[in-house]
Amino acid sequence: MELADRYDVFIFDFDGTLADTLPVYFDCFETIFTKFVLEKADETEIESWFGPNELELITKRFGTHERIDEIIQTFLENYEAKYPRLVKENVEVVDYLLHLRDKGKKLAICTGKGRDTFAYSARALQMENMFDYVVTGDDVDHPKPDPEGIVKVLAELDVLPANAIYFGDSDGDILSASRAGVDCAIVKWFCQDKPFSLEPTYMIDTFSQLYQGGMYSFDCLQ
């Protein structure tokens, strides 16, 4: 049985799950660090910040800087300018979303991205009208690994946790799904060697596993 036949609602993280966006984030943060702090940002450290939306991340790191408004504007301008070159549409991702829609499944997004950056990203990658409901980092008071975003999706789409699954790419995604009571699929198609300290319900290395049911299965954390 393929994964699409096991659930009614499919909830997706965005960055690192539906799109390989790390390169554009690294570029944007390195740009503002170099320009406004005069030092190079460490990529591992940048990745560890993810969870809140981009503006919250910047405010947390640069909130006392006298040029904070200029820093935010530089980040957003750089994001849109560099996105088409650094983030490519993945045909297999789009095909799988269409496959789920053809099966009558409901699709949702639960991402830490801000509303504006998500909207831009979805348009750029031909995913603009794919989802029945979207929760961004601007729509929650508590970002992942808090389950608030996933719980909002479940309530809006009127689905029990047992009938939904969350796709992500981080330990924070696993923890958020567990706290919301839904199964979790970790995808590794954009980063095969990424380590995890928590165990999801499924560990998915390739798109073919989604169709064939050949996932590495674990007991979901409770």
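How many aromatic pairs does the structure hold? The structure holds 15 aromatic pairs, a pair being two rings of Phe, Tyr or Trp (its six-membered ring) with centres within 6.5 Å; planes under 30 degrees apart count as stacked, over 60 as edge-to-face and the rest as tilted. This is a predicted model, in which local features need pLDDT of at least 70 and side-chain atom pairs pLDDT 80 or more, while totals for chains, interfaces and linings use all residues. Residues are numbered from 1 along each chain as its sequence is written, and side-chain values use heavy atoms, without hydrogens and water.

Two of these pairs are set out below.

| Pair | Centre to centre | Angle between planes | Class |
|---|---|---|---|
| Phe12 and Phe167 | 4.7 Å | 25° | stacked |
| Phe33 and Phe62 | 5.2 Å | 70° | edge-to-face |

Phe12 belongs to strand S1 (residues 9-12) and Phe167 to strand S4 (residues 164-168), so their pair ties together parts 155 residues apart in sequence. Helices (H or I, at least four residues) and strands (E, at least two) are DSSP runs numbered from the N terminus.

Phe33 counts as buried because its relative accessibility is 10%; Phe62 is buried at 3%.

One aromatic cluster is formed by Tyr25, Phe29, Phe50, Phe75, Tyr79, Tyr83 and Tyr120.

Note on methods: Buried < 20%, exposed > 50% of the residue type's maximum accessible area, 1.4 Å probe, protein only.
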